[in-house]
Amino acid sequence: MKLNLNGVALTDAVAAQIIEYIQEHGLAPGDKLPTEQELVEMFQVSRSTLREAFKTLVSRNILETRQGSGTYVSPKRGIPTDPLGLTFMQTGSLLALDLLELRLILEPELAALAAVRRSPCQLARIEAACVATEQDIRADRPHDYNDLLLHREIAAASGNKIAPNLIDIIYSSIRQNINITDGSLREHTRIYHRRMVESIKEQDLQGARYAVIVHLSENRRYIMMEAGARETPQ
């Protein structure tokens, strides 16, 4: 494969071709790329140029290298480490409240769309993530991973291709600023996750929307208590 540079730096051109290869071959996060030698021959470039392209894509969270194993598609799916620019903002509960408010704006409508648009396969993934979260909560295990997975699967079922990445970004940012482990809140999470899923299953868009609002509002109330903040008058 001969690269068409069109004024683009060779390293950037190779990086673009690697992304194109990932897309064309349907590689998912965690999938392994061909070996360096195979890619050198494929793109007809030097090993040093290929490695510079790898460095570029690793810095963009598109690839990850594993010592002695090879190069893989990153599970971060190209999402920057701090996409919302929170590094220089005030951290802690107050920032978590702003992030949760953003979820309240976004997620009820995504759940309503999922209730209308979800496919049988998407519903199965939503239900599986819900069951996994319930099992974590009942066993008193951390449930962050499966909790995020459930909300991400609902976002994916909405049919909006950008929404799942937004959920990843907002959710991870909240977790960086506050840890919600209260037992009563975990039980509330279990109950309202199940109501969300049942509403989506029944294609009840109003029920799905309401369940998400109640669920996230309770999270908001808990964080406000933790922060010692008071709700502003409506």
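This section describes the fold, the confidence and selected residues of a predicted single-chain model.

The model is predicted, so local features were taken only at pLDDT of at least 70 and side-chain atom pairs only at pLDDT 80 or more, whereas totals for chains, interfaces and linings use all residues. Residues are numbered from 1 along each chain as its sequence is written, and side-chain values use heavy atoms, with hydrogens and water left out.

The chain has a mean pLDDT (the predictor's confidence in each residue, from 0 to 100) of 86, and 87% of its residues reach 70 or more. The pLDDT is below 50 over residues 229-234, a stretch with 6 contacts (heavy atoms within 4.5 Å) beyond near neighbours in sequence. Among the elements of the chain, the highest mean pLDDT, 96, belongs to helix H5 (residues 120-138), and the lowest, 79, to helix H7 (residues 163-177).

Secondary structure consists of 9 helices and 2 strands, where helices (H or I, at least four residues) and strands (E, at least two) are DSSP runs numbered from the N terminus. The order of the elements from the N terminus is α-α-α-β-β-α-α-α-α-α-α. Of the contacts in the chain with a separation of 6 or more, 67% join residues 24 or more positions apart. Of the 234 residues, 43% count as buried; the classes are buried under 20% relative accessible area, exposed over 50% and partly exposed in between (1.4 Å probe, protein chains only). The accessible surface of the chain is about 13,000 Å², and carbon and sulfur atoms contribute 52% of this area. Accessible areas were computed by the Shrake-Rupley method with a 1.4 Å probe, and for residues only the protein chains shown count as cover.

Strands S1 (residues 63-66) and S2 (residues 70-73) pair in the antiparallel sense over 4 bridges, pairing being assigned if DSSP finds at least two bridges between two strands. Leu 63 has Val 73 of S2 as its bridge partner. The two strands form a hairpin with 3 residues between them, and Gly 68 in the turn has a positive phi of about 75 degrees.

Arg 66 lies over the face of Tyr 72, at 3.8 Å from the ring centre. The criterion is NZ of Lys or CZ of Arg within 6 Å of the ring centre and within 35 degrees of the ring normal.

Tyr 171 is located in helix H7 and is buried, with a relative accessible area of 4%. Leaving aside residues up to four places away in sequence, Tyr 171 touches Arg 103, Asp 144, Asp 147 and Leu 148. Asp 144 is 27 residues from Tyr 171 in sequence, with a C-alpha to C-alpha distance of 9.5 Å. Ile 105, in helix H4 (residues 93-117), counts as exposed because its relative accessibility is 60%. The C-alpha atoms of Ile 105 and Ile 213 are 9.2 Å apart, at a sequence separation of 108 residues.

Most residues other than glycine have a negative phi. Gln 44, not a glycine, has a positive phi of about 55 degrees and is placed in the loop between helix H2 (36-43) and helix H3 (47-59). Gln 44 is exposed, at 55% relative accessible area. Asp 140 also has a positive phi, near 60 degrees. This residue lies in the loop between H5 and helix H6 (144-157), and Asp 140 counts as exposed at 63% relative accessibility.
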